[in-house]
Amino acid sequence: MIKIIDLYDLSHTIAGEYLKGFSYPWEALKGIGALIVSLGEKLGADYTETAPQVWIHKSAKIASTAYIGAPAIIGADTEVRPGAYIRGNALVGSGCVVGNSTELKNVILFDGVQVPHYNYVGDSILGYKAHMGAGSITSNVKSDKTNVVIHGDTEMATGLKKVGAMLGDFVEVGCNSVLNPGTVIGRRSSVYPLSSVRGVIAADSIYKGRGNVVTRD
C-alpha cells in the first residue's frame, strides 16, 4: 500500500509517465528537476517561460510578491499567493493553491492540491486533491542527518538523506501538524490537527494520535 500504484491516480499529473517508471514514490525524488526541464520544453503555447526554465500556464494567477525559482512548472488555473517561496524543482499541477508564505522545494503536486497557508513542503509528492491545513509541514531531514527509512510493516531503506511525505490522493492533513521524514499516508486518510506523524498510515484511516488510528466508516 506504499507503492505509487496504491497511492496515486497518475492521470492527474503531467508527471504520470515519469512516475510509472518507479515502484515507490521516494525513488522519483532525485529526478524531479530533470523531469521539469524535459516537460517544460514541450509544453506549448498555453505556457509562458517567464524566466529560464520557469513555465507558467497563462491561466495561472501569480501574486507579484511570490518567488518562483527554476526549474518549475505552474499548471492551469493554479493560484500562487503573496509571499509564496517556490525554491525550484517544483512541478505544480492544475487547479492548485500555493498559499501565503508557503515554501516548496523538490516536489510534485498533483492537480487540485492545496497548500494554502504557511506550509513547508520539501522532497515530497502530494496526490490528487491532497490538502494540508494551515501551518502543517513536511519535515524532510532527520535530526542525526542519516538516511531516511520508511517505517511500515517492514522497514524500507530509501538511501536518501532528504525524504519528506508521500500523500496519497484526497489526503487531509490537519492544521499545525508535522509529517516526519519518510511519512506515507494512504488515499482518503485524514490527520487530526496538531499531530506528529511518522511511518505509514493506511488508506481510508483517521490518524488521531500515535497508536490511535481508526478506519474511516
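K105 and D123 are both buried, a word that here denotes a relative accessible area under 20%, whereas exposed denotes over 50% and partly exposed the range in between (1.4 Å probe, protein chains only). The structure is a predicted model, in which local features need pLDDT of at least 70 and side-chain atom pairs count only at pLDDT 80 or more, while totals for chains, interfaces and linings use all residues. Residues are numbered from 1 along each chain as its sequence is written, and side-chain values use heavy atoms, with hydrogens and water left out.

K105 and D123 are joined by a salt bridge in which the closest N and O atoms are 2.6 Å apart; a salt bridge is taken as a side-chain nitrogen of Lys or Arg within 4 Å of a carboxyl oxygen of Asp or Glu. This pair links distant parts of the chain, with K105 in strand β10 (residues 103-109) and D123 in strand β12, 18 residues apart. Strands (E, at least two residues) and helices (H or I, at least four) are DSSP runs, numbered from the N terminus.

Strand β12 (residues 120-126) also holds S124, which is buried, with a relative accessible area of 0%. When neighbours within four places in sequence are left aside, S124 is in contact (heavy atoms within 4.5 Å) with L29, N106, V107, I108, T138, G164, A165 and M166.

The count of salt bridges comes to 6. Another of them is formed by the side chains of D169 and R187, at 3.4 Å from N to O. Because D169 lies in the loop between β17 (165-167) and β18 (172-173) and R187 in the loop between β20 (183-185) and β21 (190-191), this pair ties together parts that are 18 residues apart in sequence. D169 is buried, at 2% relative accessibility. A salt bridge of 2.7 Å, N to O, is also found between the side chains of D204 and R188; here D204 is partly exposed at 26% relative accessibility, and R188 is likewise partly exposed, at 37%.

Aromatic pairs number 5, where rings of Phe, Tyr and Trp (its six-membered ring) pair if their centres lie within 6.5 Å, and planes under 30 degrees apart count as stacked, over 60 as edge-to-face and the rest as tilted. Y18 and F22 form an edge-to-face pair, 5.0 Å centre to centre with 65° between the planes, and F22 is partly exposed, with a relative accessible area of 26%. The ring centres of Y67 and Y85 are 5.5 Å apart and their planes stand at 55°, so this pair is tilted.
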